[in-house]
Amino acid sequence: MDELQKSRQTIEEIDKEMARLFEKRMDAAARIAEYKKEKGLSVKDSAREDALIEKNLGYIENPEHEGYYVNFMRNTISISRRFQEKLLSGMKVAYSGAAGAFAYIAAKTLFSEAELVCKHDFALAYKSVESGECDCAVLPLENSYAGEVSTVLDMAFSGSLFINQVIDLPVRHCLVGLPGSERKDIKKVISHPQALAQCTDYIERHEFTTKGFGNTALAAERVKEMNDPSVAAIASRETAEIMGLSILDENIQDSGINTTRFAVFSRSENAKKPEGRKDDEQFILVFTVKNEAGALAQTLNIIGAHGFNMRSLRSRPMKGLLWDYYFFIEAEGNINTVNGQDMMKELGALCARLKMLGSYNTYEA
């Protein structure tokens with residue numbers, strides 16, 4: 001047997017073993033897909049993929065092979081991702097609004113193969129997950145310009161669901177109207193009150209009258225139904241395309257960094273591994289404190305003493321209890337370490353009520 005035949009035989013033996021390992025890897029990917037469905041996690045995890053490639057590069061001894069191996073791994077991960085997307089095609093994801101609304105865009109970005117289920121308000125979307133009708137819900141937490149979405153925060157405190165993923169979605173508002181209409185024709189603009197607030201400068205500059213609507217996509221649908229060339233909506237480009245409306249002006253929001261943070265709510269908590277990197281993980285706590293002097297300060301001191309950096313602290317009134325409040329904290333770090341669990345024990349002894357709402361990585365849209 002000459003060297004060519006020997007090399008070919010070696011490759012055939014390696015290919016046979018690789019085929020066996022490929023099936024084993026895909027079986028593992030299927031189990032991961034099931035886990036992601038249960039926890040309400042999207043298939044793509046760029047940070048995890050990059051970390052895996054960087055780690056596996058350490059197994060390559062010949063520097064000439066490194067670039068080819070990176071391509072091999074990226075193709076393998078891409079195949080695994082497509083397989084998981086196929087398995088998750090029956091997943092049901094609730095959102096509030098209509099097709100083309102920003103919640104729809106966020107849900108579609110995270111769960112491209114899932115069935116998106118439209119609900120008329122935040123509460124119905126949330127309850128559809130609690131009841132088991134849907135696997136998860138994509139709901140807004142806050143907008144960088146208009147602030148927190150109080151209804152969602154209240155449900156997060158009082159409800160049973162967990163947050164396992166967050167997506168930062170840039171908000172780019174458009175003025176949309178009937179085909180053939182022009183901006184100079186517009187007299188009245190309708191949209192969600194927050195969208196109107198986010199475009200105040202533009203609205204005032206053009207002296208439009210305004211009217212609030214349930215959400216941006218429904219406002220665009222109403223413009224189509226009215227068939228009045230003097231009425232326009234503030235909505236997304238996707239909404240205009242879905243409704244068959246014309247884009248009369250783009251990027252009309254006051255702030256160039258206008259972003260809405262959407263959270264994925266699901267029935268099960270996604271507990272991060274203790275060895276997870278501290279700098280790319282965050283968590284949310286909601287709690288009440290005892291009606292004692294310095295109770296809140298003690299709570300914050302405990303969090304700081306354990307080395308967790310608080311990104312935000314909010315207070316919200318508790319329904320049914322006059323002048324009583326709960327607190328909503330977002331902090332950086334992996335809370336599933338021994339240090340994190342020790343902190344939770346200390347907080348539990350001090351807080352009247354304490355809930356770990358979830359730990360997550362932020363998905364950049």
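User: Which residue's side chain meets that of Arg314 in a salt bridge?

Analyst: This is a predicted model, and the pair in question links distant parts of the chain, with Arg314 in strand S13 (residues 309-317) and its partner in strand S3 (residues 136-143), 172 residues apart. Both Arg314 and Glu142 are buried. The N to O distance of the salt bridge is 2.5 Å, and the partner of Arg314 is Glu142.

User: How many salt bridges does the structure hold?

Analyst: Among them are bridges that share partners and so join residues including Glu148, Asp154, Arg261, Arg311 and Glu332 into one network. Arg314 and Glu142, paired at 2.5 Å, belong to this network as well. For the structure, the number of salt bridges is 22.

User: In which strand is the Glu250 that pairs with Arg237?

Analyst: Arg237, which counts as partly exposed at 36% relative accessibility, forms a salt bridge with Glu241, the closest N and O atoms being 3.9 Å apart. Those two lie four residues apart in helix H10 (residues 237-243), and are therefore separated by about one helical turn. Arg237 also meets Glu250 in a salt bridge of 2.7 Å, N to O. Glu250 is 13 residues from Arg237 in the chain, and its place is in strand S10.

User: Is Thr288 buried or exposed?

Analyst: Thr288 is found in strand S12 (residues 282-289). Beyond its neighbours within four places in sequence, Thr288 is in contact with residues including Phe157, Met318, Tyr325 and Cys351. Its relative accessibility is 8%, and because buried means under 20%, Thr288 counts as buried.

User: What is the area of the nonpolar surface patch that includes Met18?

Analyst: Met18 is found in helix H1 and is partly exposed, with a relative accessible area of 38%. Together with Ile14 and Phe72, Met18 makes a nonpolar surface patch of about 270 Å².

Note on methods
Residues are numbered from 1 along each chain as its sequence is written. This is a predicted model: local features need pLDDT of at least 70, side-chain atom pairs count only at pLDDT 80 or more; totals for chains, interfaces and linings use all residues. Side-chain values use heavy atoms; hydrogens and water are left out. Buried means under 20% relative accessible area, exposed over 50%, partly exposed in between (1.4 Å probe, protein chains only). Contact means heavy atoms within 4.5 Å. Patches are made of residues with over 30% relative accessible area and no salt bridge: like charges are joined within 9 Å, nonpolar side chains (Val, Leu, Ile, Met, Phe, Trp, Tyr) within 5 Å. Accessible areas come from the Shrake-Rupley method with a 1.4 Å probe; for residues, only the protein chains shown count as cover. A salt bridge is a side-chain nitrogen of Lys or Arg within 4 Å of a carboxyl oxygen of Asp or Glu.
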